[in-house]
Amino acid sequence: MGTVTIEIDGVSLEAETGSMIIEIADDAGMHIPRFCYHKKLSVAANCRMCLVDVSNSPKAVPACATPVADGMKVLTNSTKARIAQKSVMEFLLINHPLDCPICDQGGECELQDVALGFGNDVSRFTEGKRVVQDKNIGPLIETDMTRCIHCTRCVRFGTEVVGMREMGATGRGEHMEIGTYIEKSIESEVSGNIIDLCPVGALTAKPSRYKARAWEMQSTAGVSPHDCLGTNIEIHHRRGEVIRVVPRENEKINEVWISDRDRFSYQSVTDSERLTQPKIKKDGQWQTCDWETALTHVCDQLNNIKQSEGVENIGALISPSATLEEMYLTQKLMRGLGSHNIDHRLRQVDFSSQFEAPMFPGMEFDIDALEDMDATLLIDADLRREQPLLALRLRKSTRHGRVMSVHSGEVENNFKVSPNVSVPASDLLAQLQGIVAALIEQHKEVSAELTELFVDIKPTPDQQTIASELRINDNACLLVGQSALEHSKSSHIRWLAKTISDLSGCAFGELTAGANTAGGYIAGALPHRLSAAEESNICGWNTQQMLQKGLSAYLLMNTEPELDSSYRDAARVSLLKSKFVVMMTPFAKGEFLDYADVLLPIAGFTETSGTFINVCGEWQSFTAAVKAKGEARPAWKVLRVLGNLLELDGFDYVSSQEINAAVKERFESTTDARVGHFQRPDSLESGGEKPRPLSMYDMDSLTRRSLCLQMSVQGQDNWRRDQIEHLVASQSLPETESPDSLINLSASSAESETASLQESSDA
Amino acid sequence: MSSEDPKRLTTMISAKAIEEIEHWRSKYPADRKRPPIIAALKVVQAENENWLSEEHMKAVADYLDVPHIAVFEVATFYTMFHLKPVGKNVISVCTNLSCMMCGSDKIVEHLQSRLGIKLGETTSDGQFSLKEVECMAACGGAPMLEASEIYHENLTPEKVDSILNDLGWEA
Ligand code: SF4
Ligand code: FES
Ligand code: FES
């Protein structure tokens with residue numbers, strides 16, 4: 001595409017042919033008012049707010065729908081443009097209520113802002129205004145449809161970005177209304193984005209409605225703790241309370257979107273019952289105590305068990321969404337004690353190839369490259385459930401490219417998939433073997449060993465198609481889904497996937513659990529490797545062994561294995577049977593009340609600093625937005641103090657950045673990072689099974705405790721209905737603690753080590 | 001999306017009606033799913049005492065494999081679709097610009113008082129419904145109304161009376 005030169009308000013600008021005036025103005029930082037235009041949506045040109053004066057055009061033209069032409073002269077501020085803009089504004093305000101003080105959007109409303117610049121100070125319209133009934137579209141989004149200006153951004157978002165048309169324009173003329181099909185709740189897992197898109201107060205966030213004004217809130221950059229993408233968020237808070245979460249634009253990762261769980265899971269840390277003081281179980285009764293007592297008790301018990309049962313009977317399980325710093329210190333603590341029973345791979349079932357695993361599993365190409373793919377193979381990936389924003393990215397590629405899928409169980413995609421092969425978990429291996437066999441057939445130079453291995457396999461037409469698409473297209477990739485790792489033969493699946501990638505030349509990617517699986521690998525939160533993939537000479541127990549064989553003592557770092565792991569039943573039994581369980585958690589309620597012996601209150605995800613490493617190996621650090629509730633402290637501080645109380649070496653970090661730097665140094669000095677050497681097996685495997693997949697809002701302790709997510713359509717699909725009932729019951733109770741006592745930080749302790757926990761949460 | 005049974009429509013309307021929908025569907029390329037919506041709704045409405053229930057609209061959407069909202073948009077846009085039960089005779093009176101300037105307000109008033117109902121209502125004997133509609137492309141004969149698919153133009157209260165008489169309105 002060539003470029004042309006245009007002039008906007010006297011400034012000469014280079015513009016790509018085919019682009020619209022408004023894009024060029026935006027790039028140059030020149031403001032043209034608009035409502036319906038959005039850079040991520042198609043051009044609708046229905047609001048007419050962006051009218052500008054273009055040379056040779058008798059009438060003002062919409063800047064969002066007028067392509068640039070060489071020598072074009074645009075005036076955004078001439079009399080002609082001004083008159084047009086003012087008239088449009090007047091029309092828009094005819095039916096819009098003028099009651100900004102009672103509107104939740106007030107202060108961050110595009111209409112309000114533009115009206116200030118282009119509106120009249122008095123309204124000439126004296127007739128009655130139109131009133132539109134509000135619609136109930138679910139627990140996440142509040143509607144105030146009288147305020148709608150029919151820009152159709154929300155409608156286009158559904159059609160174009162999500163691929164699920166849920167909002168629409170019904171009626172006609174003055175009776176036109178925006179809504180869903182007759183009071184239907186929105187089902188999409190990324191629906192919250194229409195809150196940001198809506199330029200007025202027609203669609204606002206239900207959970208944070210009327211909680212704070214835009215100008216009262218402070219904003220802290222954060223990273224979403226839910227999936228392996230490392231979605232960028234802004235945490236909005238006021239006087240130490242998180243009010244809401246909104247997207248932070250990052251074109252390479254999440255563009256301008258976030259998923260509903262990124263947006264609304266904060267409710268778990270603000271609204272569910274929080275653990276605000278350490279607790280020790282005495283004679284079956286929970287008693288609150290101070291940090292010193294709790295931590296001394298933990299040390300004594302761990303030392304006792306080490307003495308009496310041996311250190312190999314102690315183990316730690318870590319949430320895959322724990323920060324890098326938390327992971328690193330937890331494994332350091334365990335290894336300091338002498339135990340290598342450490343794991344964060346809670347949903348993994350097959351550990352047979354763990355020594356062949358790369359430095360960390362992940363994608364070998366960038367997230368944004370996905371939209372350019374001409375062919376993509378999804379292997380047991382349920383993107384909408386597991387990485388919703390990746391589904392949006394991949395959907396873009398279907399405009400020109402092809403997505404193919406081989407999966408077990410039911411997967412609903414919001415884009416066209418063909419072939420779309422759905423098989424029982426036990427047939428997954430055979431499917432992939434068929435694709436490899438097809439590639440061997442189509443390929444010239446394949447090693448004799450490999451050919452030999454697949455000699456009996458006859459590929460189906462679908463497998464042939466998949467193979468040739470991946471091979472023929474230069475821009476091709478495959479993604480092994482998060483739940484493929486839960487398969488009992490996941491090692492073989494990975495090897496097959498890698499082989500498909502090698503033979504076809506397509507890029508390889510593995511999607512991982514939680515927000516920080518990569519961090520877990522790099523931090524050494526593994527039984528067989530130290531940090532930065534240094535081989536350990538002792539191999540400890542993995543999740544499966546720890547939970548199925550049972551240990552005498554567990555340290556649970558922000559995880560509830562009876563729900564988070566693939567070993568739910570075994571976890572319950574082992575945890576109940578064990579002698580001593582230390583639970584580090586932000587929450588006051590859970591099954592852990594039955595099996596734990598000490599509860600250590602840690603900061604929630606908005607209250608701690610830390611680092612997540614995403615699936616592409618991007619390190620993203622964040623700071624605490626607010627202070628932790630009550631006496632809860634960032635987990636890395638608790639671990640540091642615990643390390644010192646246990647008289648272990650190397651627990652002198654004064655900030656999470658120091659820990660980060662320590663890990664990073666080790667990471668950067670390691671050379672063959674990322675190279676996984678999956679060994680060719682001697683024979684092909686078959687069969688295998690997978691635990692029932694978790695529903696979207698049952699995946700981690702945050703979403704499980706967010707009432708609005710559980711009440712949403714996707715949450716209602718949750719097959720663990722018990723937790724919703726539990727949430728409804730607990731959140732409708734009157735608050736037991738006053739807000740002041742929640743942010744009381746004045747508790748004191750004589751012990752200098754525990755005293756350091758009393759500092760306000762770190763910046 | 002909770003997609004429902006695409007076959008449901010076939011249990012709700014006659015085989016002949018389905019055939020007619022298929023006839024319309026065959027006129028458009030197979031990957032264009034939305035064009036036959038209007039025709040399908042017309043067929044279904046004719047089979048259902050001249051109105052479309054929520055269930056009917058959903059069934060049409062599932063049958064044509066389009067989102068529910070897409071059918072709902074069409075059904076609410078065109079005034080010839082009735083979304084609640086209507087009387088035997090539907091009187092659609094235009095109140096759009098030309099008709100309004102030529103006195104449609106008076107016509108509406110007269111109709112309302114003669115029938116004893118408001119716009120959007122149906123007489124208690126189920127004989128007449130009154131509906132306000134947008135421009136019917138008969139501006140040249142404004143003010144106008146449509147009754148049982150026949151246009152009546154250049155209306156006066158007297159003319160309205162005679163139309164009502166012809167349709168059998170007594171009161
Ligand atoms: S609800 Fe908001 S985003 Fe949707 S059309 Fe109305 S103003 Fe636009
Ligand atoms: S922004 Fe250009 S017409 Fe709406
Ligand atoms: S305005 Fe009534 S027919 Fe055109």
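Helices (H or I, at least four residues) and strands (E, at least two) are DSSP runs, numbered from the N terminus. Counted that way, chain A holds 28 helices and 26 strands. Welcome to this predicted model, in which local features need pLDDT of at least 70 and side-chain atom pairs count only at pLDDT 80 or more, while totals for chains, interfaces and linings use all residues. Residues are numbered from 1 along each chain as its sequence is written, and chains are lettered from A and ligands numbered from 1 in the order in which they are written.

**Overall shape of chain A**
- The radius of gyration (taken over C-alpha atoms) is set against a globule rule of 2.2 Å times the number of residues to the power 0.38.
- Chain A has 763 residues, for which a compact globule would come out near 27 Å; its own value is 28 Å, which agrees.
- The C-alpha trace of chain A spans about 90 × 70 × 45 Å along its principal axes.
- A residue is buried if 20 or more other C-beta atoms, placed from the backbone, lie within 10 Å of its own, exposed if 12 or fewer, and partly exposed in between; in chain A, 54% of the 763 residues count as buried.
- Two residues are in contact if their C-beta atoms, placed from the backbone, lie within 7 Å.
- Of the contacts in chain A with a separation of 6 or more, 71% join residues 24 or more positions apart.

**Domains**
- Domain bounds come from an automatic or database domain assignment.
- In chain A these are domain 1 (3-94), domain 2 (110-271), domain 3 (279-352 + 516-669) and domain 4 (367-510).
- The C-alpha centres of domain 2 and domain 4 of chain A are 36 Å apart.
- Contacts link 16 residues of domain 2 of chain A with 12 residues of domain 4 of chain A.
- Chain B has domain 1 (7-77) and domain 2 (89-167), with C-alpha centres 28 Å apart.

**An annotated span**
- An unreviewed UniProt entry places the feature "domain: 4Fe-4S His(Cys)3-ligated-type" at residues 80-119 of chain A; such annotations may be inferred rather than shown by experiment.
- Residues 80-119 of chain A are 60% helix and 0% strand, and the end C-alpha atoms lie 16 Å apart.

**A closer look at helix H4 of chain A**
- Helix H4 of chain A (residues 153-162) is mostly covered, with 9 of its 10 residues buried.
- Among the buried residues are Cys154(A), Val155(A), Phe157(A) and Val161(A).
- Their cover includes helix H5 (193-197) and helix H11 (388-397) of chain A.
- After H4(A) comes Gly163(A), with a positive phi near 80°.
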